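Reader: I would like a close look at one part of this model, the place where two chains meet, and then a connected account of what lies beyond that place.

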Amino acid sequence: MNEKVIWMLVEGIGETLYMTLGSVIIGYVIGLPLGILLYVSGKNGLRPCGLLYRILDFICNIIRSIPFLILLILLIPFTRLLVGQSYGSTATIVPLVVCAAPYIARVVESSLTDVDAGVIEAAKAMGASNLQIVFKVLLVEAKTSLLTGFTITTGLLLGYSAMSGTVGGGGLGDIAVRYGYYRWQTGIMIVTVILLIVIFQIIQTVGMKLSKKLDHRKR
Amino acid sequence: MIAVEIKHLTKNFDIEGHTIAALKDVSLTIEKGDIFGVIGMSGAGKSTLVRSINFLEKPTDGNIYVEGVDLGTLSERELRRMRSKIGMIFQNFNLLEQRNVLDNVCFSLEINGTKRREAKKRALELLKLVKIEDKAKAYPSQLSGGQKQRVAIARALATDPQILLCDEATSALDPQTTASILELIKEINEKLGITVVIITHQMSVVTDICKKVAIIDNGKLVETGRVEEIFNDPKSDAARELLLGNKISFQPLKKLEEGRRIRIVFRENSAYEPILSNLILKLQIPVNILKADTKNIGGKAVGEMILGLPEDGGQQADIIRELKKTGIYVTEVSEIE
Ligand SMILES: Nc1ncnc2c1ncn2[C@@H]1O[C@H](COP(=O)(O)OP(=O)(O)OP(=O)(O)O)[C@@H](O)[C@H]1O
Ligand SMILES: [Mg+2]
């Protein structure tokens, strides 16, 4: 393996991390409030609102039921509008976010639903407002499960970012396809796959360790 | 002075098309400084009643007055402020699992906008009051049930409430821990003058610390009054059933096949006289003592006995008449299946 290939792989790692983290962060900026809204407006939420819940629920389900590769293609005009081009790692972040946000919203909703109703009741009895309950009770009590959800989502987006490589998205997936599939350089493809596995493992391990460490429930 | 007044409270729950009447036209007055018990069987509507006092449950009909204020007339914001003046503790403690003990107590202060430093100082004072200051840095998962309830009490008291609501606060605890928590609640009532409302299904909790009691059965208020009065002379079936304990304690009694059973309660003065011996000597009729117990009710020793009477109706009438003559309370005990 020559220096050029190594350099290319390093760049690939950088792009992959950029796409993954970028889409996770922007995904959470959109998905977290959406998930909170789903929880709050849900049947057993702080302020049930059937109409709002059904609208959000519908949008989430629609987007989540579209396979990612199709979403990627469907969104090309939108991506071009937003980023100016439809290929490269920055452009890939757009469909990744669109795919991730509803998923994140669901994960957040489910984490919040798991918070003990008794604790919420106690907070209400102390005179807490809904906003205080969300920020001081729900998000804090659910932090372990939120972090687990974050880890799983990051892993998922790592995989999707690699998938988007097949249509010129950049990153390790792109390298694997270009060299492994089009040029039959199996060695490079194997290295990129191993790199993807290693990155995935690191994300999982760090995320799970952190969520365990921050959990004060059992000891 | 009146702390809480409940007027014609009705609460219905609508689930899947049908209506459950959890409370039916309940009216109650709770005096300031009282320890007021609300007792009833499971599903009677006790929790619904206590949750109505801080409007966690909005009445379908009727009014709740706390310190003279009709809660139904308050805006959300005013209601929240009012709630911070009504402390509440629960069967499952409901502590924040991800916060340590000190921060749990600070929580109620945080909510009403107290500064962090001040909140911490106040929280430490309260942890001292409930005698758990050595656990300030521990997390709830590291505490026993009794300790958790102490923290919950400290948290409920942090905002200087005038009323403390306890929903089955001792039901998850063993008898010894229950006694110590009840002792603490009593102390708080006496020291701080806080009105306490205790919801329970255990008569022993009521007789141990309550001054007054209301009995709820099937959503209705069936009896209310001073604990002593109701203990001596229960008028409603629900009160009798609660006083006579659960069905299990009655099972071995059945084998005795007594014709009729009565419950007698000795007041303090008669507790020292050999009433039963006198009775048997005088009438020459044997009676069976099926259960005997003494209790401390409102600081007075009270004796309770369940007697099995002979089959003969005439003899039964004689015994009951003689007993009533001596001034003790006699209640017929119906067969509890
Ligand atoms: N949120 C609710 N939705 C529907 N029904 C309810 C609700 N809360 C209470 N109920 C019903 O109201 C009735 C009274 O319930 P409540 O919880 O007040 O009883 P309880 O006396 O506290 O019983 P327990 O001793 O088991 O706690 C029950 O039939 C219960 O099923
Ligand atoms: Mg209850």
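Reader: How much area is buried between chain A and chain B, and what percentage of that area do carbon and sulfur atoms give?

Author: In this predicted model, the area buried between chain A and chain B is about 2100 Å², and carbon and sulfur atoms give 57% of that area. The contact draws on 25 residues of chain A and on 23 residues of chain B. Between chain A and chain B the count of salt bridges is two, and one salt bridge joins A:E121 to B:R51, with 2.2 Å between the closest N and O atoms. Polar contacts are also counted between these chains, and they come to 12 residue pairs, with both residues of each pair at pLDDT 80 or more. On the side of chain A that touches chain B, the elements giving two or more residues are α6 (117-125), α7 (130-141) and α8 (143-164) of chain A, and the largest share, seven residues, comes from α6(A). Sorted by class, that side of chain A has nine nonpolar, six polar and 10 charged residues.

Seven residues of domain 1 of chain B are in contact with 12 residues of domain 2 of chain B, and the area buried between the two domains is about 890 Å², with 59% given by carbon and sulfur atoms. In domain 1 of chain B, the residues that lose the most area to domain 2 are B:E228, B:F231 and B:N232, which together make up 64% of what that side buries. Between the two domains of chain B there are zero salt bridges, while one residue pair, both at pLDDT 80 or more, is in polar contact. Helix α8 (residues 227-232) of chain B gives the most to the side of domain 1 that touches domain 2, with four residues, and the residues of that side divide into three nonpolar, two polar and two charged.

Finally, there is the ligand. The residues around ligand 1 include B:F13, B:M41, B:K46 and B:E168. The side chain of B:S42 has an N or O atom 2.6 Å from an oxygen atom of ligand 1, and for the side chain of B:T48 the corresponding distance to an oxygen atom of ligand 1 is 2.5 Å. From B:G43, a backbone N or O atom lies 2.7 Å from an oxygen atom of ligand 1.

Methods. Residues numbered from 1 in each chain as written. Chains lettered and ligands numbered in written order. Predicted model: local features only at pLDDT ≥ 70, side-chain atom pairs only at ≥ 80, totals over all residues. Heavy atoms only, no water. Contact = heavy atoms within 4.5 Å. Buried area = accessible area lost by both parts, 1.4 Å probe. Salt bridge = Lys/Arg side-chain N within 4 Å of Asp/Glu carboxyl O. Polar contact = N/O pair within 3.5 Å; in protein donor to acceptor, adjacent residues only side chain to side chain. Nonpolar A, V, L, I, M, F, W, Y, C, P; charged D, E, K, R; others polar. Near = heavy atom within 4 Å.
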